[in-house]
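Subject: Model for your files

Dear colleague,

Please find the model below. My notes on the sheet and the aromatic rings follow it.

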Amino acid sequence: MKVAVEGCSHGALDAIYQYLRDLEARHNYVVDVLLMCGDFQAIRNHRDMQCMAVPQKYRQLGDFHKYYTGERTAPVLTIVIGGNHEASNYMSELYHGGWLAPNIYFLGHAGCIQVNGVRIAGASGIFKSNDFSLGLYERLPYDHGSMRSIYHIREFNVRRLSLLSSPDIFLSHDWPQHIEQHGDTQGLLRRKPFFRQDVQTGNLGSPPLMGLLRTLKPKWWFSAHLHVRFQATVQHEQFSTGSNSPPTTSLPQNPDEIAITDDDFDAVEPQNLPTEVPHLQTTSHNPDEITLEEEEDEVIQPPPVAYRPQPSVTNFLALDKCLPKREFMEVIDVPTTSDGSAMPGQRCMPKLTFDLEWLAITRAFHPFLSTRRRQADYPDEATARAKVAEEMEWVKSNVHNNEANSFDTPLPGIRAILDCQTFVRSAPGPGSEGAQKNQQPPWYTNPQTVAFCDMLEIQNMIDFSSDDRA
């Protein structure tokens, strides 16, 4: 399966899809799915723009509204996560994931789905320690603080993701902390010298994301956010556990970034990460340095064995934003046992299904989903995993395609996403805002979220049409 990956979108969908068409024509292949790593900017109308945390001069309608209203159609199945420059009100409507527009699927604040049997997981937003342990308390209309805190990743979602067995692909907007130590660090600093202080202090990237990378060990991990292409290879067997307290994380001062001075990471006391997620050692490892152990390995060869497992490796790739002469897109081949059948040179719709394990995790953790600032205590890892195993049996017994719409005989618990969720325009497109054009919109309860919760027989906590917070 050919997978295209794109970095920061910033609303430039027309240019991104045209670049993809040009790649396909130049190399004579057809891409099956496009993955986009945040700052997607799913802005439906001018009122959505008032919910995006950027200076006024950067508030532009962009291209998405054309795909939302049906003026244009995404030419390839597109899977997206959120970043830190989003119409956060719309992505909150689809907290559990859903269609932003026809053929454009949002993974949710956290999620995992399958495309032709390939497991794709992701985490939206960026890390800020102040908000990491809070519940999902933000409500429209957002004030200055909540417009920013709403896209800060929560411990609730990190804990849920940590319970997955290894996905094939993981998407994040933030980089995992210390990932630069597993690639050409000096080359990165030559291109982005303003990263140097954060690299030297260990503050480049997100501590909980590195914890997830070490726990999940996906084959591929794709990120964006810092507007530069960077490759790294993580050998998991080389890790050792370190402190339970991650260092304070701060964003580098990148001149290519949209500057929001009040969203810099403050100097605060670090907070413990979930116990399910191991933590990276605090001392950086230089992959170019020859250690004593490596020298000994060259001299003293281990005795031959009948079977020696291959080391577990995660291939990391960060990409730039969509601008001329920038490295913002890459195409990779991903093995799959469930290819959608198509004639050579023709595109077909891949099989997009819910992930059974993620549905079980969603049910298991639903009682801990807080819509207030205070987050309830979590179960320990053993209890959480036992509950997920219990919910797995429920999912296998109760989640299935509707017989009338079933495209084949699915495995227990496997359901086509389109069999449950279909795109619905929950808000009007541009042009109908009138005198309220520069005001934040009301809350829209999205029917796709209702359908998802109904499928799992859980309460829809993402209905803020009436705010009954204490």
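Two strands are taken as paired if DSSP finds at least two bridges between them. Helices (H or I, at least four residues) and strands (E, at least two) are DSSP runs, numbered from the N terminus.

This is a predicted model, in which local features need pLDDT of at least 70 and side-chain atom pairs count only at pLDDT 80 or more, while totals for chains, interfaces and linings use all residues. Residues are numbered from 1 along each chain as its sequence is written, and side-chain values use heavy atoms, with hydrogens and water left out.

The sheet

Within strand 9, F222 is the bridge partner of L171. Strand 8 (residues 169-172) and strand 9 (residues 220-223) run parallel and are joined by three bridges. Both belong to an open sheet of seven strands with mixed pairing, ordered 10-11-9-8-7-6-13. Strand 10 (230-235) and strand 13 (352-354) are at the edges with a single partner strand each, so one side of each has no neighbour in the sheet. On average, neighbouring strands here are turned by 25° against each other, direction ignored. Axes are lines fitted to C-alpha atoms, for helices over the stretch in contact, and angles run from 0 to 180 degrees between N-to-C directions.

Helix 12 (residues 356-365) lies across strand 6 (110-115), strand 7 (118-123) and strand 13, and runs at about 155° to strand 6. Contact means heavy atoms within 4.5 Å.

The aromatic rings

There are 18 aromatic pairs in the structure. Rings of Phe, Tyr and Trp (its six-membered ring) pair if their centres lie within 6.5 Å; planes under 30 degrees apart count as stacked, over 60 as edge-to-face and the rest as tilted.

One of these pairs is Y17 with Y67, tilted, at 5.5 Å centre to centre and 55° between the planes. Y17 is in helix 1 (residues 13-27) and Y67 in helix 3 (residues 64-69), 50 residues apart. Y17 has 0% relative accessibility and so counts as buried (under 20% relative accessible area, with exposed over 50% and partly exposed in between; 1.4 Å probe, protein chains only). Y67, at 4%, is also buried.

F64 and Y90 have ring centres 6.4 Å apart and planes at 55°, so this pair is tilted. It links helix 3, which holds F64, to helix 4 (residues 88-93), which holds Y90, across 26 residues. F64 is buried at 1% relative accessibility, and Y90 is buried at 0%. Ring pairs join F40, F64, Y68, Y90 and F423 into a cluster.

Regards
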